[in-house]
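Work through the exercises below with the sequence and the model at hand. Each task is followed by its solution.

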Amino acid sequence: MTNDNVNHPKHYTSHPARCACGAGIECIQITEHMGFNLGNAMKYIWRADLKNDALEDLRKARWYIDRELNRRQGLDSERNRCHDKG
C-alpha cells in the first residue's frame, strides 16, 4: 500500500496494534467514540513514537488532558463567560 498523506498517513497506519483478523487498527477507529479533548490526547499518545518528535506529541496530549480536566472541574467557565457578553 502506498502512503496516502491525506486519508491514511503512515504515522496513522504503522502502529503495531492489530485486530483479530491481523489488519492494522487506525487511531480514529478508537478516538471517534471519545469526546474531542480525550480523543485528541489519545491520538497524540498513539502516534508519539511513530513520528519524529515523541516529546512534542506527548506535550500536545498533556495539553488536551489538562483542558479536559479543567472542563470537568468547571475551570473553563471564565473562558466561556466572555462569549455570553453581547
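**Exercise 1.** Find which residues A23 touches, not counting residues up to four places away in sequence.

Solution. Start with the position: A23 sits in the loop between α1 (10–13) and α2 (28–31). Helices here are DSSP runs of H or I with at least four residues, strands are runs of E with at least two, and both are numbered from the N terminus. Next, apply the contact criterion, heavy atoms within 4.5 Å. With residues up to four places away set aside, A23 touches A17 and R18. Last, A23 has a relative accessible area of 37% and is partly exposed. Buried means under 20% relative accessible area, exposed over 50%, and partly exposed in between, with a 1.4 Å probe and protein chains only.

The model is predicted: local features need pLDDT of at least 70, side-chain atom pairs count only at pLDDT 80 or more, and totals for chains, interfaces and linings use all residues. Residues are numbered from 1 along each chain as its sequence is written, and side-chain values use heavy atoms, with hydrogens and water left out.

**Exercise 2.** Describe how helix α3 and helix α4 cross.

Solution. Take α3 as residues 36–46 and α4 as residues 54–72; their axes come within 8 Å and cross at roughly 160 degrees. Axes are lines fitted to C-alpha atoms, for helices over the stretch in contact, and angles run from 0 to 180 degrees between N-to-C directions. The crossing therefore makes α3 roughly antiparallel to α4, a label for angles over 145 degrees. Now list the contact: α3 contributes F36, N37, L38, N40, A41, Y44 and I45, while α4 contributes residues including D57, L58, K60, A61 and Y64. Sorted by type, the contact residues comprise nine nonpolar, two polar and six charged. Nonpolar covers Ala, Val, Leu, Ile, Met, Phe, Trp, Tyr, Cys and Pro; charged covers Asp, Glu, Lys and Arg; the others, Gly among them, are polar.

**Exercise 3.** Is W46 buried or exposed?

Solution. Locate W46 in helix α3. Its relative accessible area is 10%, so W46 is buried.

**Exercise 4.** How many disulfides does a search of the whole structure find?

Solution. The criterion is a pair of cysteine sulfur atoms within 2.5 Å. The search finds zero disulfides.

Conventions:
Angles under 35 degrees count as roughly parallel, over 145 as roughly antiparallel, 65 to 115 as roughly perpendicular and the rest as oblique.
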